[in-house]
Structure formats: C-alpha cells, structure tokens
Amino acid sequence: MDPGTLDVTIVDGYVDEPAHFGVPPYLSTYPRYTAGALVDAGVPTDRITYHTIDALRDNRHRWQDVDAADLLIYVGGMTVPGNYVGGTPAEPDEVRELAWTASGTTLLGGPVRFGVGERNEGATETERSDLDYDFVAKGDIEAAAYDLVLNGLEGFGDRMRDNDEIDRWAAKGAFIVDQHPNHPDYLICELETSRGCPYRCSFCTEPLYGANPSFRDPESVVGEVGSLADHGVRHFRLGRQADILAYGGDGEAPNPDALRTLYTGIHEVVPDLGTLHLDNMNPITIVRWPDRAREGIRIIAEHNTPGDTAAFGLESADPVVQEENNLNVTADECFEAVRIVNEAGGWRPAPDRLPKLLPGINLVHGLKGERAETFEHNRAFLKRVYDAGLMLRRVNIRQVMAFAGTEMSDTGAEIARDHKADFKRYKREIRETVDNPMLQRLAPPGTVLPDVHLEYHEDGTTFGRQLGTYPLLVGIPGERRVGERLDVAVVDHGYRSVSAVPYPLDVNRASLKELRAIPGVGKQRAGDIVVNRPFESPREVTETVGVDLTAYAAPSADQYEAK
C-alpha cells in the first residue's frame, strides 16, 4: 500500500508513567513522535488526524475518523495513575470500542503494553492484553508505526527507536499540536531528554526502557522545542527522564555544563517562553555529588519559571521497605537532598511569587515488606521536613500497580488491598497535618499566581490552574467564564488547593464574595467597602474601613475604575 494514499487516525488515550506525563493540558511525546514517524515513512501530514479520547467523547461525529482510517493508532497507558482535572484517561472498555469501530488496520501502543487493569487506579494487578487490536507494539509505538507503514500494513518487528530517529520524528511530528483541543494557549508539551534508569526499584517500569539511560543531545531537544514553537507552543516541561541532574553525563553523576547548554538553548529558540518546568530528580544524585548537584540546581532555577517541582522518588521512609524493594535513597539522604534543593533553588523571584524550584515527595504504598510501622516512618519523615522550616512543593501518595517485568509482579497488589483502610486514614491525616500547613508556607496570603486558566465551575466557585508541573488548583469566588485567563492572589488554603481573588483586585468592581474572601475583611467590612465605593486608592480603603488591602488591590488610583 502506497504510504502517500494512507489515511491515519491517531487517538490519544493519555499516558501517566514514572517519567512521562500526557494528560491534558499536557501532551506527551508519543502521539507527536508517532506522527513524525508516519511522515518520515511517506504519509502526508494532511492525511494524519489526531484526536484525544476526550474529544471523541465530546463529539461522536469524530468517531467517523476512527471508522474511515486505513490505519488507526491508539496511544495510551497508565502505570502510575492519579487524579486528573484536565482530562480523563481512556478506560479499557473505551480502548476496545475504538478497535471494534475501526474498519482499517489497528495498532495499539505506549505504556499500555506493560499491562492493563480493570480500571485506571492503584492497588490493582495488570495483565498484558491486545484489547482486540490487530497489532500491539511491544517496543516503541513510533517505531512500530514507521515499520508497519513501510511494510504495507502487513506487520513489523518489535524494536525500540534510537535517538537519530527521534531527531527526525520530533521535528516532523510537531504539526500534530495544531489538532489538540487545548492548542495553542492551554497546552504544555512534555520533552524527553532520556529514557531508562540505572536503578531498579521493585515496582517501577522505567528500567524496562533500559538500565543505561540514552541521552539526547541538547541540540536535538532544543530543535524539537523550536519546531513546537513554530506551531505556537510556549509551554514546555522537561519531564521525560528519570533524573534531570544526570542529563548529559554517565547516567548517574550530574553534568552542569550539559544542563546549561540545554536551558540556555531553549530560551534562545523561544524568547517569549511561557513555562519551562521539569519533573524527576533523583535525591541520591544530590547526596552523592552535592557540589555538582548544587550547580546544576542553580542553573535550572536561573532559567526555569517559578513554581517548578523536582519530584523525588523516596517511595518509602521505612528501611525495611527500602531494603526489600531496592529503593536507592534512605530517609536521611532524602532529607539532605530536600535541604539542598531548598537552599539552591527555593528562592523567590519576588517576595509575592512562588519559589523557583522545590522538591516534591513521591510515596508508594503496598510495596513488599510494608507494615504498620511504614506509615509511621513516612509521617515522621514529612514532619521532620516541616519542622526544619523546609518546603515541599507537593506530597504524592499512591498505591502500587503491579506490572509484569517488575519485581512487584510476584507480590501483586495484595499488600495494597490488605492495607487500604489504613492507607486512606493515613493519607487523609497527611493532607490535614502536612499538606495544609506546608501550602501556607509555600504560598502565604498575597502570593501572586500569574496566568491561571479557568477550567470548571463547582458550587459557585470557578476553578483553574497555571500551566506547569503539579500546578496548584485555584478556586476563585463566583462563576467566571471557563477558558478565561487571569492573575490571582492567594487568600486561603486547602489541602492541595488554594482560594484566590483576581489580582490586582479592583475594589470598586469586586464582588461581595471576592471581598469577603480576603483575610481580615469578612462579611461586615466587605459590606462597608461596597457601601462606601468608589475609592481612589488602597489607603483610602484602609482609612475608611480599617482593613489593609495593599497585597491584593491595585496600588494607584489610575488603576481603579470607579463605578
């Protein structure tokens, strides 16, 4: 079959892996690289259609593209599922329905190849399943798509693609972003710097990509960023790697020079950069090479945008669990790494902004050796961090999924299921005793969060998020237009979310709900403000009502719009 005559539909069911994320507003590498591989194999760009699973849910007419395609490619898979706001990952039944609907050849790939559970949730076993597709890519989906097209849709040999292919496919597939529902304003592209991991934690699928990380050259990553920027993308995350500090080195030790070349190169090709964040950073790298790690962290914090998170895979603070699951960092070592990142990257670009770079802690439950004491070890570690005056950007607590090829496949999810009631109580306690006070330290009242994208309404409140790594969920009083973007200032804190008001707040136009939300105002003073409007300055508000709104209101009279 002539590649030039093929009609191909790519369906993105979203991915969530230890070192890769693709739930909206994120767009993973898989559909982009797959599209580039198709173009490289001779398929014209105008014959390649891309849909997210949510877009198919929203409009059944789009399923015609699934039915009519000569080749349907499904990309998805959740190996570390969580709670999502921007999109809902495809469930196994939906993935099967795609295969049943397609009249042409069907190809399935992505982390779904590691296994499928009954639902996308923790404390589950998985099994490898073809989900009724003609072909399943047991290697890389982009390589399978390339070979399948060149072989006339007759088959392919499972293989992993190499960096030379990604040099071509990343650029050629950038056009696919134009078809994403969030394009261009509310889309952040995941960038790969390497795959694989030299460590082998019992539950993790990342080592299945290789024990020796294969690093892309800075020029390759920067070139990909430039291609995406040509299609209007301004938000990026260096999230596809097990350890950003090891980039460009021997797989373990930091290489600050490579990081400097990478980060400065991105700024050069996207001068109007909106977001530049990262994800994974291995704490053992920091404690083994503290001086080089500090330099690398300083370089990152100099070039990133505020609110960035370096996710630390502590997984468990229990030494028994650490030993039985090949975890590579102790609680003491992780604490030291938290301290170093706070010192080198935790500075604020302005007093009212989020810190540039802070650690986040990953905790996994249901691992081999878990016992009642495990929960106490984890509580004690988090309390130690807080009591030391340090900051964590977030604490991620989940239950394990067991995949074939990992050491947890023998144990499965039995421990997680047995401990589920204890896990729920413990998780709620952490949210109340650690997350909430930590969030108050991280983003005290008056902290400004620029460019919050409004996503949905609930109980008279509008919720939105910034683009970035683990963005704070922001609740704004009243119902504003979904899709709007605005700057806000924090007024209150939940467990993993904040309440905020528009910033700078026009006191003469602010709603009663917005005024009441500001610390120190309350119902009575909010009413007094409304009765005495208009004001010419925050000072006049203070003199009249007795409350200081300097942190929230426009600073000068010419920024007020009197009613």
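Student: Why is the packing of helix H1 (residues 29-40) against helix H5 (residues 141-150) called roughly parallel?

Tutor: In this predicted model, H1 and H5 pack at an angle of about 20 degrees, with axes 8 Å apart. Angles under 35 degrees count as roughly parallel, over 145 as roughly antiparallel, 65 to 115 as roughly perpendicular and the rest as oblique. The pair H1 and H5 is therefore roughly parallel. The axes are lines fitted to C-alpha atoms, for helices over the stretch in contact, and the angle runs from 0 to 180 degrees between N-to-C directions. Helices (H or I, at least four residues) and strands (E, at least two) are DSSP runs numbered from the N terminus.

Student: Which residues make the contact between H1 and H5?

Tutor: Contact requires heavy atoms within 4.5 Å. H1 contributes Tyr 30, Tyr 33, Thr 34, Ala 37, Leu 38 and Asp 40, while H5 contributes Ile 141, Glu 142, Ala 145, Tyr 146 and Val 149. By class, this contact holds eight nonpolar, one polar and two charged residues. Ala, Val, Leu, Ile, Met, Phe, Trp, Tyr, Cys and Pro count as nonpolar, Asp, Glu, Lys and Arg as charged, and the others, Gly among them, as polar.

Student: On what basis are these values computed and numbered?

Tutor: Residues are numbered from 1 along each chain as its sequence is written, and side-chain values use heavy atoms, with hydrogens and water left out. As the model is predicted, local features need pLDDT of at least 70 and side-chain atom pairs count only at pLDDT 80 or more, whereas totals for chains, interfaces and linings use all residues.

Student: How do you know that H7 is mostly covered?

Tutor: A residue is buried under 20% relative accessible area, exposed over 50% and partly exposed in between (1.4 Å probe, protein chains only). Ten of the 13 residues of H7 are buried, including Pro 218, Val 221, Val 222, Glu 224 and Leu 228. The elements covering the buried residues of H7 include H1, helix H6 (163-172), strand S9 (188-192), strand S10 (235-240) and H8.

Student: What makes the span of H7 close to the expected one?

Tutor: The expected span is 1.5 Å times one less than the number of residues. From its first C-alpha to its last, H7 reaches 18 Å, close to the 18 Å expected for its 13 residues. After H7 comes Gly 232, with a positive phi near 90 degrees.

Student: How do H7 and H8 cross, left-handed or right-handed?

Tutor: The crossing of H7 and H8 is right-handed. That is the name given when the near helix is turned clockwise from the far one by less than a right angle, left-handed being the anticlockwise case. H7 (residues 218-230) and H8 (residues 256-269) pack at about 20 degrees with axes 9 Å apart, and are therefore roughly parallel. Among the residues that meet are Val 221, Val 225 and Gly 226 in H7 and Leu 262, Gly 265 and Ile 266 in H8. The H7 contact with H8 has eight nonpolar, three polar and no charged residues.

Student: Why is H8 also called roughly parallel to H10?

Tutor: H8 and H10 pack at an angle of about 5 degrees, with axes 9 Å apart. That angle makes H8 roughly parallel to H10. Contact residues include Pro 256, Leu 259 and Arg 260 of H8, and Arg 292, Glu 295 and Gly 296 of H10. By class there are five nonpolar, four polar and three charged residues between H8 and H10.

Student: What makes Gly 296 count as buried?

Tutor: The relative accessible area of Gly 296 is 0%, so this residue is buried. Gly 296 lies in helix H10 (residues 290-303). Apart from neighbours within four places in sequence, Gly 296 contacts Leu 245, Pro 256 and Leu 259.

Student: How do the accessible areas of Glu 315 and Asn 326 place them, buried or partly exposed?

Tutor: Glu 315 has a relative accessible area of 9% and is therefore buried. Asn 326, at 36%, is partly exposed. Glu 315 lies in strand S12 (residues 308-315), whereas Asn 326 lies in the loop between helix H11 (319-324) and helix H12 (331-345). Phi is positive in Glu 315, near 70 degrees, and in Asn 326, about 60 degrees. Most residues other than glycine have a negative phi.
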